[in-house]
Amino acid sequence: MMPVTTAATHSMPAANRKWSRYRHPESTIRFAVILAILAFLGYSITYLNIDLSRILGAFPRLVEILATRYFPLT
């Protein structure tokens, strides 16, 4: 039987392939952007005095409204 190969294994010679779990520039930039977004959201919540328990408590009601409107029982 012939071995099963994919296009990805033929795109780069075996000698030039280098496996790495951590891609330095992309991973660092992505982590910094996500951290900046979370810091901005945290600052915004505290600056605007948003009550998180009230917002989280609204989700069950929102799900109920969407369920009854999109999937009526009639």
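Q: Why are Tyr-43 and Tyr-47 said to be separated by about one helical turn?
A: Tyr-43 and Tyr-47 are four residues apart in helix H2, and therefore about one helical turn separates them. Helices are DSSP runs (H or I, at least four residues), numbered from the N terminus. The model is predicted: local features need pLDDT of at least 70, side-chain atom pairs count only at pLDDT 80 or more, and totals for chains, interfaces and linings use all residues. Residues are numbered from 1 along each chain as its sequence is written, and side-chain values use heavy atoms, with hydrogens and water left out.

Q: What makes the pair of Tyr-43 and Tyr-47 stacked?
A: Rings of Phe, Tyr and Trp (its six-membered ring) pair if their centres lie within 6.5 Å; planes under 30 degrees apart count as stacked, over 60 as edge-to-face and the rest as tilted. The ring centres of Tyr-43 and Tyr-47 are 5.8 Å apart and the planes stand at 20 degrees, so the pair is stacked. The structure holds one aromatic pair.

Q: Why does Ser-44 count as buried?
A: Buried means under 20% relative accessible area, exposed over 50%, and partly exposed in between (1.4 Å probe, protein chains only). Ser-44 has 16% relative accessibility and therefore counts as buried. This residue lies in helix H2, and a polar atom of its side chain is 2.8 Å from the backbone oxygen of Phe-40. Tyr-43 and Tyr-47, by contrast, are exposed.

Q: Which residue forms a salt bridge with Arg-61, and how far apart are the closest N and O atoms?
A: The partner is Glu-64, with the closest N and O atoms 3.5 Å apart. A salt bridge is a side-chain nitrogen of Lys or Arg within 4 Å of a carboxyl oxygen of Asp or Glu, so the contact qualifies. The structure holds one salt bridge. Glu-64 and Arg-61 are three residues apart in helix H3, and therefore about one helical turn separates them.

Q: Why is Glu-64 called partly exposed?
A: Its relative accessible area is 44%, so Glu-64 is partly exposed. Arg-61, at 48% relative accessibility, also counts as partly exposed.

Q: Which elements give two or more residues to the nonpolar patch?
A: The patch, which includes Tyr-43, Tyr-47 and Leu-66, has about 1300 Å² of accessible area together. Helix H2 (24-47) and helix H3 (52-70) each give two or more residues, and H3 gives the most, with seven.

Q: Why does Leu-66 count as partly exposed?
A: Leu-66, found in helix H3, has 40% relative accessibility and therefore counts as partly exposed.

Note on methods:
Patch = residues over 30% accessible without salt bridge, like charges linked within 9 Å, V, L, I, M, F, W, Y side chains within 5 Å. Areas by Shrake-Rupley, 256 points an atom, 1.4 Å probe, with all protein chains shown as cover. Polar contact = N/O pair within 3.5 Å; in protein donor to acceptor, adjacent residues only side chain to side chain.
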